[in-house]
Amino acid sequence: MDEIKRKLELIDQQLTGSSYHRQIISTAPLVFVAAGLIVGIVAQNAFNLPVIAWLGLLTIFAAAAVVSFLNWKSEIGNWKFAYLAFACFFCLGGVRLTGYYQPASNDVRNLIGDERKLATIRGEILTEPRVNKNEQWVFAKFTHNDPSSSFYLKLNEAETTTGWAKVTGIIRVQVDEPVLDLKTGDYVLIFCWLDKFKGPHNPGQFDIAEYMKRNNVFVAASVKSRDSIELLKENSSGIFTTVQGKLKKIANEAMLGDSPVQEQSQALLAALLLGYRTDIDAATNEAFRQTGLFHFISLSGMNFAILVGIIWWLCKATGLMKPARAAVSMVAAVIFLLVVPPNAPAMRAGVMCTVFCASFFFRRQSNPLNSLSMAAIILLLIKPTELFEVSWQLSFAAVLGIILFTDRIANFLSEKIAGLLPVLKFGRFLSEAMAISFAACLTSSGILLYHFYTINYLTWLWTILVSPLITIISVIGYLKIIIALVLPTIANFLGIIANVLSDWLIRIVKLFAGWHISEVLIGSVPLIVIILYYGFIFFAAYVRINRPLLKKAIVTVMFSAIILFLGVSKCQRVYRDNLIVTA
């Protein structure tokens with residue numbers, strides 16, 4: 001019956017292949033809203049238009065949308081209203097990015113020139129001070145071994161010749177020694193040097209100024225020692241930060257107990273379960289990067305799926321109905337977001353989880369593509385520059401790939417596996433697992449190539465091999481955190497099992513990385529090649545041509561052009577007779 005059902009689904013896809021546009025409008029209309037917002041942000045970032053121009057266009061398109069809504073005519077009104085929504089949010093994207101970068105008159109960036117200034121400032125610590133051990137800093141025979149600390153500070157006042165004056169803005173504070181006694185919410189006075197971030201000095205160097213600009217941070221504070229920081233008031237930020245701090249403390253103690261992180265297995269658990277990667281050593285971190293498995297320690301949607309799945313199962317075991325289970329799961333998702341770092345994958349998964357749970361209240365079936373669009377809209381309205389962050393792009397690209405390509409790849413693989421392995425009853429399950437992994441890698445590969453110049457062509461395979469182990473570790477770890485408050489003895493036993501499995505995971509990933517077959521370094525690739533790559537995969541999957549041979553020929557030409565360009569680029573950079581070094 002499963003094979004018959006799969007064939008019927010495939011026939012339905014082929015029959016509706018020409019109406020993808022109509023399907024998106026009727027089932028996932030927020031795609032047009034999200035696409036308009038994204039294009040508007042990109043356009044404003046590229047052309048820097050005045051806000052009055054955006055507001056004028058927004059007024060015109062909004063008026064047209066109102067008229068279209070009043071003169072609604074079935075299907076014609078649907079597509080017309082969808083594109084007017086695209087146009088309105090296109091303008092809104094430009095307005096939002098302009099407003100995001102608009103500083104107040106007393107913003108600190110307006111008070112600092114090209115030369116650094118000695119200053120005395122007061123403000124509230126926004127992030128937990130992070131100790132940087134500088135283990136990877138090596139230049140010739142010199143090593144930088146002294147640990148330092150860094151955190152973000154929300155400015156409140158600065159001392160002037162006439163007294164204290166109100167100053168706004170967020171700055172990054174760098175202290176030349178460890179800071180262990182300060183925490184988020186503390187109100188402090190700092191004696192420091194203030195200076196604007198500088199651009200790269202050498203070709204190819206990381207542009208710290210551009211990166212900080214996307215976070216709306218333009219000024220850095222340099223502090224010589226901890227003695228230059230005076231604590232004026234503890235936890236001045238209010239009840240929200242207090243509750244969040246207590247939740248983080250409870251989660252950490254439930255996961256690790258009273259002992260600090262000492263072993264790499266514990267550090268990996270902290271990364272897998274709560275997204276805290278600071279204690280992972282360089283060798284383990286590099287092994288996950290080389291194999292393309294870094295997404296597992298970046299707190300992705302898999303964590304939310306496992307945690308909410310556990311909560312859902314526990315609620316079901318107690319006899320709760322689906323709406324009640326959804327409400328409890330939503331509360332658990334909110335608490336989880338307060339505990340983990342606020343990165344793009346976690347926030348995206350949190351929004352999608354909330355939308356999925358909310359669908360039970362309205363007795364509606366949620367659409368994954370619509371939920372993903374909702375997550376993009378919310379996150380970009382909060383912080384539009386997230387669009388240019390690699391983590392945001394990879395997170396949304398991977399999920400989009402899973403939504404769009406999993407079924408097509410699974411149908412293809414199911415036919416092949418059914419013929420090769422007819423005795424295996426789990427052939428369909430295996431093909432779906434491979435399809436999910438391959439679809440995510442397919443849509444994230446172009447972004448990885450553009451930003452990191454590499455192709456991790458075996459990531460899909462390593463993902464399939466380690467996913468069962470990571471799932472078991474995550475389930476045991478989250479169960480330990482949940483029951484630690486009521487059954488500490490059982491929680492400690494689960495912790496021992498999780499640590500052992502985590503150590504096995506590290507060994508396996510390092511083994512894969514030690515083979516040095518996981519990635520191919522290509523080098524810098526023009527954006528047009530990345531666009532051609534994504535055009536190729538969408539054309540191959542969704543464009544229907546009555547002549548199959550013609551489509552195969554076009555796909556072959558596009559694929560050959562991409563491989564040829566990458567191969568030539570690789571050869572030119574490996575076999576060359578000149579070398580230019582700028583230092």
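How are H8 and H16 oriented to each other: roughly parallel or roughly perpendicular? The views below take up this pair and several single residues.

This is a predicted model, in which local features need pLDDT of at least 70, side-chain atom pairs count only at pLDDT 80 or more, and totals for chains, interfaces and linings use all residues. Residues are numbered from 1 along each chain as its sequence is written, and side-chain values use heavy atoms, with hydrogens and water left out.

**View 1. Helix H8 against helix H16.** H8 spans residues 264-274 and H16 spans residues 459-483. Helices (H or I, at least four residues) and strands (E, at least two) are DSSP runs, numbered from the N terminus. The two axes come within 10 Å and cross at roughly 85°. H8 and H16 are therefore roughly perpendicular to each other. Axes are lines fitted to C-alpha atoms, for helices over the stretch in contact, and angles run from 0 to 180 degrees between N-to-C directions. Angles under 35 degrees count as roughly parallel, over 145 as roughly antiparallel, 65 to 115 as roughly perpendicular and the rest as oblique. H8 contributes Leu269, Leu272 and Leu273 to the contact; H16 contributes Ile470, Ile473, Ser474, Gly477, Tyr478 and Ile481. Contact means heavy atoms within 4.5 Å. By class, seven of these residues are nonpolar, two are polar and none is charged. Ala, Val, Leu, Ile, Met, Phe, Trp, Tyr, Cys and Pro count as nonpolar, Asp, Glu, Lys and Arg as charged, and the others, Gly among them, as polar.

View 2. Arginine 109 sits in the loop between helix H5 (74-101) and strand S1 (117-125). Arginine 109 counts as buried because its relative accessibility is 12%. Buried means under 20% relative accessible area, exposed over 50%, partly exposed in between (1.4 Å probe, protein chains only). Its side chain makes a polar contact with the side chain of asparagine 216, at 3.2 Å. A polar contact is a pair of N or O atoms within 3.5 Å; within protein, one must be able to donate a hydrogen and the other to accept it, and residues adjacent in sequence count only if both atoms are side-chain atoms. Leaving aside residues up to four places away in sequence, arginine 109 touches Tyr101, Pro103, Lys196, Asn216, Phe218 and Val219. Asparagine 216 belongs to the loop between helix H6 (208-214) and strand S9 (219-223). Its phi is positive, about 60°, although it is not a glycine.

**View 3. Threonine 443 in helix H15.** H15 covers residues 427-452 and includes threonine 443. At 4% relative accessibility, this threonine counts as buried. A polar atom of the threonine 443 side chain lies 3.1 Å from the backbone oxygen of alanine 439. Beyond four places in sequence, threonine 443 touches Ala397, Ala398, Gly401, Phe405, Tyr534 and Ile537.

**View 4. Leucine 247 in helix H7.** H7 runs over residues 239-256 and holds leucine 247. Leucine 247 is partly exposed, at 22% relative accessibility. Leucine 338 is 91 residues away in sequence, yet the C-alpha to C-alpha separation is 7.5 Å. Not counting residues up to four places away in sequence, leucine 247 touches Ile335, Leu338 and Val339.

**View 5. Histidine 516 in a loop.** Histidine 516 lies between helix H17 (488-514) and strand S12 (520-521). Its phi is near 55°, a positive value in a residue other than glycine. Histidine 516 counts as exposed, at 64% relative accessibility.
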